[in-house]
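Here are my notes on the model you sent over. Have it open in a viewer while you read.

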Amino acid sequence: MIKLIRSGCYYMGGLLVRESQAFMTGEQKAAAQKGTMSYRILKSHNIGDEVNLKIKFDAIASHDITYVGIIQTAKASGLREFPLSYTLTNCHNSLCAVGGTINEDDHVFGLSAAKKYGANFVPPHIAVIHQYMREMEAKVGRMILGSDSHTRYGALGTMAVGEGGPELVKQILNKTYDIKRPETVAVYLRGNLKKGVGPQDVAIALCGAVFKNGFVKNKILEFIGPGIKNLSMDYRNGIDVMTTETACLSSIWETDEKTREYYKIHGREEDYKELKPADVAYYDSGIVINLSTIEPMIALPFHPSNAYTVRELLEHPRELLGEVEEAGRKLRGDDNFTLTDKIRDDGVYVSQGIIAGCAGGMYENIAEAYEILKGKSTGADEFSLSIYPSSQPVYKALVDNGYVGGLMDAGAVVKTAFCGPCFGAGDVPANNGLSIRHTTRNFESREGSKPAAGQLAAVALMDARSIAATAANGGKLTPATEVSYTKKVKKYFFDSQIYQNRVYHGAGKAHREEELIYGPNIADWPKMIPLGKNLLIKAVSVLHDPVTTTDELIPSGETSSYRSNPLKLAEFALSRKDPAYVGRAKAVKADEEVRRETGSLPEKVLKDVALLDIAKDTIYGSCVVAVKPGDGSAREQAASCQRVLGGIANIAKEYATKRYRSNLINWGMLPFTAEKLHFKVGDYIYIENIDTYIADGAEQIPAKHLSGKVVKDIVLSVGTLTQDEKNVILKGCLINFNAAN
């Protein structure tokens, strides 16, 4: 289905040609490197040099889990008004079901900030963030930065990047997004999808091919080739939004008449232009996807890259579900988690289906689901089907064309635009339940279960078409290629009146006299201290998992209600992975507070580290050690919660994403890496003259590692830091850095 080209390649004459077979001169290669769509878009937004990019975005976007912290941070740094288009959506905490008034208090704060500083405000249930940005803000050649990892509008010719909140703060304060020029990967599409195969099937196959081997990590995917014309815009958008799960940095697609029609339908034809590579374009590597060979896919728990064809699962259910069952038992720490009990004589049965959000909730996905379910029933047993259209305009079109009524007749429950099923705040299955979802992620606990409390359900990702086919069979896992249905979908009409009547369009219209409206849960960031001359670090959590997700660093679900209160949210840090972490981190923080008050660390600490000969002017902080932390969400709180609890560093073999490493830096934490992680909880790391090493740009930093009664000399790497990143770390965090400037 998918072929990887690990060497350089050229796109020429409509074909992807390996570099070794292209016979290009050095000059021709240099010219071809500038022939990609990515190069041209980055160049038009770059104020740095050719290698060290300094990007100014055209627009930014946040939802109601992230915008309060971003605005509070920018306000503390001197915000007067938003200098670029900023859209605030309310699609995560939109249910207002947890924590009393605090969710709606955040929404009221967001609207007051939109009025005061000049932003667009999309009220709850009107649209999920990425659908609204597709419909209203994407433009060919534009760049958009969002505080959500699935910020991807490449199929519309917009290069979009998902990052932690501090990167948006930099844009608000007229600073830049600094990054070394990323490699570009050609994704060459050819062929045509079979009926019953949808965008999520392509996306899962792609994730399975490239995530675990890091093939596209922090790179830009550039979709090209003759297969694009065979995909509708909803299919393209559905594949594109899932590129986040490959660990790439961003994506961009060739545009064509279908793209033009999308903009025309949405009343913005002037925002379209043709975008394609030059006649000869060079790529650092390539991926060839033959769409004709893609089958219905399933991403088994607990990652989108755990990819199999549905056929493979049904042929080997006990083996494949047994592997997931074993992984779940390790998560829970007992033998009570079961998935193989879903296997019956006639197939595999699931308890729930969900079609929702920026990936699943698009018009064509739901319309085709209706065609598959037409005249059938989801049944009156355990299985349930819930559908969340991605925006009110999509919902209205589905109603007007008769799809919603038909789905309801079949037994589906159709709800409003909401991201809850994607992050554990909606439709939580029963313990040991198996849910199939056309959403973005299926990490452990992303469906809302709590392994530490003995609860664990599982989510498998599938395409809406196969979910509908499964629903039509009462929960018996069924690929959509095995059912007969009419694929023809009624024409989509976009009703702009919905947004005109309900969305606050305030971008570029700041009313500084307006007051921000604070609820009782909205709190300022606590003070962060500068780095200091010497540094003593205590390892308070050591994680041995191959990958640690941001969900494990700070859980999603009901904890999202506390994202506006740094101190309360920090209480949940690592709660599902290492429940003792918060107490250990607080103890280190308390000892550091004693040091700041008295000028000396407490005797108990000095006794522990007597072998290290600690200098008097030494800052004391905690650290988390993990193999590969930061996969998944862009949420800055995965780092900021550690910082609030006195964290000063992470030590890892590598970081799963660029955005998590950036979050660490922006919160004043050192992003150390080490070849070997021979650390235990309670170990100490001592570094003299850390301020000098950072200021001088040293990438390798000598340190002493105390474990028990043994001291070893080690070397920690901090990697390449920009001048601003050095200064942020030295000042203690981005807020301090901005305030000083």
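1. Ground rules. This is a predicted model, where local features need pLDDT of at least 70, side-chain atom pairs count only at pLDDT 80 or more, and totals for chains, interfaces and linings use all residues. Residues are numbered from 1 along each chain as its sequence is written, and side-chain values use heavy atoms, with hydrogens and water left out.

2. The three-stranded sheet. The order is β3-β2-β14 in an open, antiparallel sheet. Helices (H or I, at least four residues) and strands (E, at least two) are DSSP runs, numbered from the N terminus, and two strands pair if DSSP finds at least two bridges between them. β3 (15-18) and β14 (280-283) are the edge strands with a single partner each, so one side of each has no neighbour in the sheet. On average, neighbouring strands here are turned by 25° against each other, direction ignored.

3. Inside that sheet. Strand β2 (residues 9-12) is joined to β3 by four bridges, and the two run antiparallel.

4. Helix α1 (residues 26-33) lies across β2 and β14, at about 85° to β14. Axes are lines fitted to C-alpha atoms, for helices over the stretch in contact, and angles run from 0 to 180 degrees between N-to-C directions.

5. The six-stranded sheet. This one is open too, with mixed pairing and the order β9-β8-β5-β6-β7-β25. The edges are β9 (159-162) and β25 (504-505); each has a single partner strand, so one side of each is left without a neighbour in the sheet. Strand β7 (residues 120-122) pairs with β25 in the antiparallel sense over two bridges, and F121 sits opposite Y504 in β25. Helix α6 (residues 165-172) packs on this sheet, touching β5 (59-62), β6 (85-89) and β8 (143-146), and its direction makes about 140° with that of β5. Contact means heavy atoms within 4.5 Å.

6. The helix pair. How do α7 and α8 pack? Helix α7 (residues 199-210) meets helix α8 (residues 233-241) at an angle of about 30°, and their axes are 8 Å apart. P199, V202 and A203 of α7 make the contact with Y235, G238 and I239 of α8.
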